[in-house]
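Please consult the sequence and the structure shown below.

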Amino acid sequence: CAKQQRELAGGAAAPAAPPSGQGNLLAYEHEVRIDLAADQIGPRITAVRTACQSAQYGDCALLAVSQEGGRAPSGSIRVRVAPDGVDPLVQLAGQQGDVAARTTHAEDLAQQIADTGLAQARLQNEHARLLQLQQRHDLAVTDLLALSKRLAEIEAEAQQTQQQAAQQQRRVRTQLLTIEFRGTSGEQGRGEIAEAAVEFGQVFASSVAFVIRAVAALVPVVV
């Protein structure tokens with residue numbers, strides 16, 4: 001029993017104290033769009049991915065990567081990085097291109113973190129109280145079974161709140177950065193012109209074929 005109490009107290013993070021300043025616990029997210037030549041999209045994605053995976057600008061976790069070709073080439077990469085690494089990664093991604101748009105927004109996690117801390121404290125107190133009740137010698141077997149079941153539930157809830165607290169702290173310590181790459185409009189325009197030319201050729205060929213069939217059908221009648 002004492003071992004269970006030590007495991008609960010040691011396995012769960014200490015309850016987070018209510019923050020003194022609401023603005024100190026912000027989860028930042030950045031979205032950046034970069035216009036560049038189509039043949040530079042792949043190299044820029046590779047450069048950002050390599051810098052993240054090697055922690056070149058601090059702690060960094062690669063979350064998602066995508067790239068598409070075709071008439072409108074594009075790509076994107078999403079990372080979670082230390083605050084000081086946001087601007088260097090944006091600058092690295094923007095080489096050979098232009099930052100066309102950039103937005104930043106933040107979510108205040110102060111209340112969520114405080115609520116999680118209170119939940120952890122409540123679970124620890126209830127766990128300690130039930131362990132004391134479990135030491136009594138006058139408990140019926142059914143009571144002991146009920147206590148054991150509730151203790152197991154508390155330990156599961158404590159593990160869940162510990163994971164929740166860790167995720168909240170991770171969102172505060174690091175920032176989410178999404179970079180989208182888009183082929184320049186000139187290249188897209190050339191692609192549209194080429195596609196239109198191909199469509200024109202197909203339509204013209206179909207029209208000529210229709211006229212030939214129509215003339216061929218009328219020839220026996222004229223004769």
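## Burial of Cys52

In this predicted model, Cys52 has a relative accessible area of 1%. Because buried means under 20% relative accessible area, Cys52 is classed as buried.

## The disulfide

Cys52 is joined to Cys60 by a disulfide, with an S to S distance of 2.1 Å. A search covering the whole structure returns one disulfide. A disulfide is a covalent bond linking the sulfur atoms of two cysteines.

What is the handedness of the disulfide of Cys52 and Cys60? The torsion about the S-S bond is about -100°, so this disulfide is left-handed.

## Positive phi at Ala55

Ala55 is found in the loop that runs between helix 2 (41-53) and strand 2 (60-68). Although Ala55 is not a glycine, its phi is positive, at about 55°. Most residues other than glycine have a negative phi.

How accessible is Ala55? Its relative accessibility is 39%, and Ala55 therefore counts as partly exposed.

## Positive phi at Gln96

A positive phi also occurs at Gln96, a residue other than glycine, where the value is near 70°. Gln96 is placed in the loop between helix 3 (86-93) and strand 4 (97-108).

Is Gln96 buried or exposed? With a relative accessible area of 59%, Gln96 is exposed, because the exposed class begins over 50%.

Key
Residues numbered from 1 in each chain as written. Predicted model: local features only at pLDDT ≥ 70, side-chain atom pairs only at ≥ 80, totals over all residues. Heavy atoms only, no water. Disulfide = S-S within 2.5 Å. Buried < 20%, exposed > 50% of the residue type's maximum accessible area, 1.4 Å probe, protein only. Helix = DSSP H or I, 4+ residues; strand = E, 2+ residues; numbered from the N terminus.
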